[in-house]
Amino acid sequence: MKSGGHMAAALSRPGIVMRSAIGLLLLCVSASGAGAAEMPPGASSCTGCHAASPTVDTPAPRLVGLSAASIEDAMSAWRSGSRPATVMDRIAKGFSDAEIKAIAAWYEAQGAK
Amino acid sequence: MSASLSRRSLLAGASASLIAAPAVAQGTAHIVVIGGGFGGSSVARSLKQLAPNIRVTMVEPNRVFTACPFSNEVIAGLRDLPAQQFTYDGVARSGVEIDFTHASAIDAAAKRVTLADGTVLTYDRLVLSPGIDIRWGALRGYDEAASARMPHAWKAGEQTMLLRRQLEAMEDGGLVVMSAPDNPFRCPPGPYERASLIAWYLKTKKPKSKLILLDAKDNFSKQRLFQQAWSQLFPNLEWIGLSKGGKVSSVDANTLSVTTDFETYKAQVVNIIPPQRAGLIAEAAGVSDRSGWCPIDPVTFESRLQPNIHVIGDAAVAGAMPKSAFAANAQAKVCAAAIVALLHNRTPQEPRLINTCYSIVMPDYGISVAGVYKPGKGLLMDIEGAGGTSPLQAPDSTRKMEADLALGWYNTITREVFG
């Protein structure tokens, strides 16, 4: 069950997930710098399940490295119930469009650093 | 240690002038964190990540942390204790100074913490993440000595292994009795996950044995999911709720007997999950109220009772948020951001927090409850329409997926907090 099911499929973008481990490590370091202070509400809870490190063994996909559009699309679909989920449907319903947009933009920016 | 001690005394000597400074410059701020569990280690590391110039000292007596989540699997023989254990090397690598000792006194007015070795730490802000302590004696007959015969195993470690050894040593045909306390307590679904896994262990290893779970409540977390699983899988498990006489009034460790208002159960193995309170240092700091828990501001996690002291994790009264490792970690990150904002004279932003708690019913069978929270009415409130439990009707593949997500969560959060 390393596929991560529909969640990984929905969120993964080829190419992005292929970055080297060293590159990702550097991203994590920069993500934890001064820019982290502007983390939008809710975003800091995500890393409880979505690992910052690419070496953690988990079916939940990493968020750093995903595009804002892919995160927004997935969250909207889970919120409306149009995409099946295990847990994310229940969590997505707690966030407004604006909140989701801000969180998605923040994770995209971490990947761009 | 000597280098660290001398550095401390130098800073302690300089502290009077720091306190007198009208505003806290980022470079000189000192945050002290008491408790190195999921909450304390998370807040210490988050502070260093958000503002590397802040000095952060964490006070924790144990050199090795033993995690509670997944410790029920250790009891059932599905996992070994070392998989639950973490050193503080990762926390130290983040630039957090760690004092491996107890905090013995807190002077909130002077903003000073005294450690067991007599060292005095001064702080700009203090974060307490002391977890729980057992209310010894709140259940008649259940004191610390009794817990050596009737383990609580509600703090992971030797108690976890004691309960496992007792189950392993029990002859087939024996009776196991568990008791669950009234709310609030650490890990609301925990007693029911444990009952499931012990029932699974008995069913597979000692099929003539039986488990009775005596409960001081009629309702509990993920109740319909647990009860559905029990009725399908575990005829050897009997749950007795409050209204059926499940409230335990006393125990006798010498005879391994557990007494309710209606009956006395004589068992071969007894697991008492006793009444709890915030870790004792909370009382010394003056941040716990008559309930034994710590009321907090839902935006900053600052104590309602003492300024400049924040309380996170199991010890806090967090409204709808449960006492879980996930919640402690989420609160820690919000608290760290709020402290950094306050040190810079900025208004902390209104947070959103998430909790997800998985329970393992048996191998490849996981269920969950999730919630999303925001400040409201002075507490953290559920955001309406969000959260809830796994579906009651679901294929085996969903239960398997949640069991895999549970382990993935454990791997993720322990890496973030201790890795």
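Colleague: In what order do the elements of chain A run from the N terminus on?

Modeller: Starting at the N terminus, the elements of chain A follow the order α-α-α-α-α-α, and the secondary structure comes to six helices and zero strands. Please keep in mind that we are looking at a predicted model.

Colleague: How much of chain A is made up of buried residues?

Modeller: Of the 113 residues in chain A, 50% are buried. As for the contacts in chain A between residues at least 6 apart in sequence, 70% of them join residues that are at least 24 apart.

Colleague: On to the interface, then. How many residues does the contact take from chain B and from chain A?

Modeller: Chain B contributes 38 residues to the contact, and chain A contributes 34 residues. The area buried between the two chains is about 2,800 Å², with carbon and sulfur atoms giving 61% of it. On the chain B side, the residues that lose the most area to chain A are Arg352(B), Met401(B) and Thr412(B), which together account for 20% of what that side buries.

Colleague: And how many salt bridges does the rule find across the interface of chain B and chain A?

Modeller: The rule finds two salt bridges across that interface. In one salt bridge, Arg352(B) pairs with Glu99(A), and the closest N and O atoms are 3.2 Å apart. A network of salt bridges links Glu99(A), Glu350(B) and Arg352(B). The rule also finds 14 residue pairs in polar contact across the interface of chain B and chain A, with both residues at pLDDT 80 or more.

Colleague: Which element gives the largest share of the side of chain B that touches chain A?

Modeller: That is helix 10 of chain B, from which 12 residues of that side come. The elements that each supply at least two residues of the side include helix 2 (38–50), helix 9 (325–343), strand 22, strand 23 and strand 25 (388–389) of chain B, as well as helix 10 (396–418). By residue class, the side of chain B that touches chain A divides into 17 nonpolar, 13 polar and eight charged residues.

Colleague: Since strand 22 of chain B came up, why is it described as largely enclosed by the rest of the structure?

Modeller: Strand 22 of chain B covers residues 353–362, and nine of its 10 residues are buried, so the rest of the structure largely encloses it. Strand 22 pairs with strand 23 (residues 365–376) of chain B in the antiparallel sense, over nine bridges, and Leu353(B) stands opposite Tyr373(B) of strand 23.

Colleague: Which residue takes a positive phi in the hairpin of strand 22 and strand 23 of chain B?

Modeller: Asp364(B) does, with a phi near 65°, in a hairpin that has two residues between the strands.

Colleague: Changing topic, how many salt bridges does a search of the whole structure find over all chains?

Modeller: Over all chains, the search finds 18 salt bridges. One example is the pair of Asp314(B) and Arg186(B), whose closest N and O atoms are 2.5 Å apart. Asp314(B) sits in the loop between strand 20 (309–311) and strand 21 (316–317) of chain B, while Arg186(B) sits in the loop between strand 11 (175–180) and helix 6 (190–205) of chain B, so the pair ties together parts that are 128 residues apart in sequence.

Colleague: Is Asp314(B) buried or exposed?

Modeller: Asp314(B) is buried, at a relative accessible area of 9%, and Arg186(B) is buried as well, at 16%.

Colleague: Which residue forms a salt bridge with Lys400(B)?

Modeller: Asp404(B) does, and the closest N and O atoms of that pair are 2.9 Å apart. Asp404(B) counts as buried at 19% relative accessibility, which is under the 20% limit for burial, whereas Lys400(B), with a relative accessible area of 27%, is partly exposed.

Colleague: Last one: where does Asp215(B) lie?

Modeller: Asp215(B) lies in strand 12 (residues 210–215) of chain B and counts as buried, at 0% relative accessibility. Leaving aside neighbours within four places in sequence, Asp215(B) is in contact with several residues, among them Ala180(B), Tyr192(B), Phe220(B), Trp239(B) and Lys247(B). The C-alpha atoms of Asp215(B) and Leu405(B) are separated by 29 Å.

Technical notes. Residues are numbered from 1 along each chain as its sequence is written. Chains are lettered from A and ligands numbered from 1 in the order in which they are written. This is a predicted model: local features need pLDDT of at least 70, side-chain atom pairs count only at pLDDT 80 or more; totals for chains, interfaces and linings use all residues. Side-chain values use heavy atoms; hydrogens and water are left out. Buried means under 20% relative accessible area, exposed over 50%, partly exposed in between (1.4 Å probe, protein chains only). Helices (H or I, at least four residues) and strands (E, at least two) are DSSP runs, numbered from the N terminus. Two strands pair if DSSP finds at least two bridges between them. Contact means heavy atoms within 4.5 Å. Buried area is the accessible area (1.4 Å probe) that two parts lose on being put together, summed over both. A salt bridge is a side-chain nitrogen of Lys or Arg within 4 Å of a carboxyl oxygen of Asp or Glu. A polar contact is a pair of N or O atoms within 3.5 Å; within protein, one must be able to donate a hydrogen and the other to accept it, and residues adjacent in sequence count only if both atoms are side-chain atoms. Ala, Val, Leu, Ile, Met, Phe, Trp, Tyr, Cys and Pro count as nonpolar, Asp, Glu, Lys and Arg as charged, and the others, Gly among them, as polar.
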